[in-house]
Amino acid sequence: MAKKIDGYIKLQIPAGQANPSPPVGPALGQRGVNIMEFCKAFNADTQGGEPGVPTPVTITVYADKSFSFITRTPPASYLLRKAAGLAKGASTTGREVVGSVTFEQCKEIAEVKMNDLNANDIDAAAEMIAGSARSMGLEVRR
């Protein structure tokens, strides 16, 4: 028989750097989850990639206080900033352009994020990433 789900917790944690301090500790503590057990499991799961990359994670908490978690790909904004070589996007979008990316870079990012995107093919996913880039104040060169 399947375990009864008590709830879900969505967090964004740097890869390999989960620790009991906020936001991880309070979010898990409210549900009664063993915080250190999660931190060790998350850090072990994400240690293979680049350290410090923001990693969205969905934690499923069960009624017996056990948990399971699913990690996702880094946010599109992070990947776009990395591709453009920027620290942050535009403060007033639509008015200022802070950098540029090529459509090919958008396509590469779309290939990385394809599992998490709601798109049927890679071209539609690349258009979604290009739209995110424009809303960040990046020029998309074709």
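Two strands count as paired if DSSP finds at least two bridges between them. I start there since bridges come up throughout this talk. The model on the screen is a predicted one.

T58 sits in strand β2, which covers residues 54–62. Which residue is the bridge partner of K10 in β2? That partner is T58. On the β3 side, T58 has I70 as its bridge partner. Leaving out neighbours within four places in sequence, T58 is in contact with Y8, I9, K10, S68, F69, I70 and R72.

Is T58 buried or exposed? The cut-off for buried is under 20% relative accessible area. T58 has a relative accessibility of 13%, so it counts as buried.

Now the strand as a whole. β2 is mostly covered, and nine of its nine residues are buried. As a general point, side chains in a regular strand alternate between the two faces of the sheet. In β2, both faces are covered. On one side are P54, P56, T58, T60 and Y62, and on the other T55, V57, I59 and V61, all of them buried.

Next, the sheet. Strands of a sheet pair through backbone hydrogen bonds, and the pairing can be parallel or antiparallel. Here three strands make an open sheet in the order β1-β2-β3, with antiparallel pairing. β1, residues 5–14, and β3, residues 67–71, are the edge strands, each pairing on one side only. On average, and ignoring direction, neighbouring strands of this sheet are turned by 20° against each other.

How many bridges join the strands? Between β1 and β2 there are nine, and between β2 and β3 there are five. As a further example from the β3 side, T60 stands opposite S68.

Helix α1, residues 24–31, packs on this sheet and touches β1 and β2. The direction of α1 makes about 175° with that of β1. Within α1, the residues V24, G25, A27 and L28 are buried. The buried residues of α1 pack against β1, β2 and also α2, which is 35–46.

In the loop between β1 and α1 we find P23. A cis peptide bond joins P22 and P23, with omega at about 5°. After α1 comes G32, which has a positive phi near 80°.

The other loop to look at is the one between β2 and β3. These two strands form a hairpin with four residues between them. K65 lies in that loop, and its phi is near 70°, which is positive although the residue is not glycine. Is K65 buried, exposed or partly exposed? Its relative accessible area is 38%, so K65 is partly exposed.

Last, the pockets. By type, the lining divides into five nonpolar, five polar and three charged residues. Which element gives the largest share of that lining? Helix α3, residues 76–84, does, with three residues.

How values were computed:
Residues are numbered from 1 along each chain as its sequence is written. Side-chain values use heavy atoms; hydrogens and water are left out. Buried means under 20% relative accessible area, exposed over 50%, partly exposed in between (1.4 Å probe, protein chains only). Contact means heavy atoms within 4.5 Å. Axes are lines fitted to C-alpha atoms, for helices over the stretch in contact, and angles run from 0 to 180 degrees between N-to-C directions. Ala, Val, Leu, Ile, Met, Phe, Trp, Tyr, Cys and Pro count as nonpolar, Asp, Glu, Lys and Arg as charged, and the others, Gly among them, as polar.
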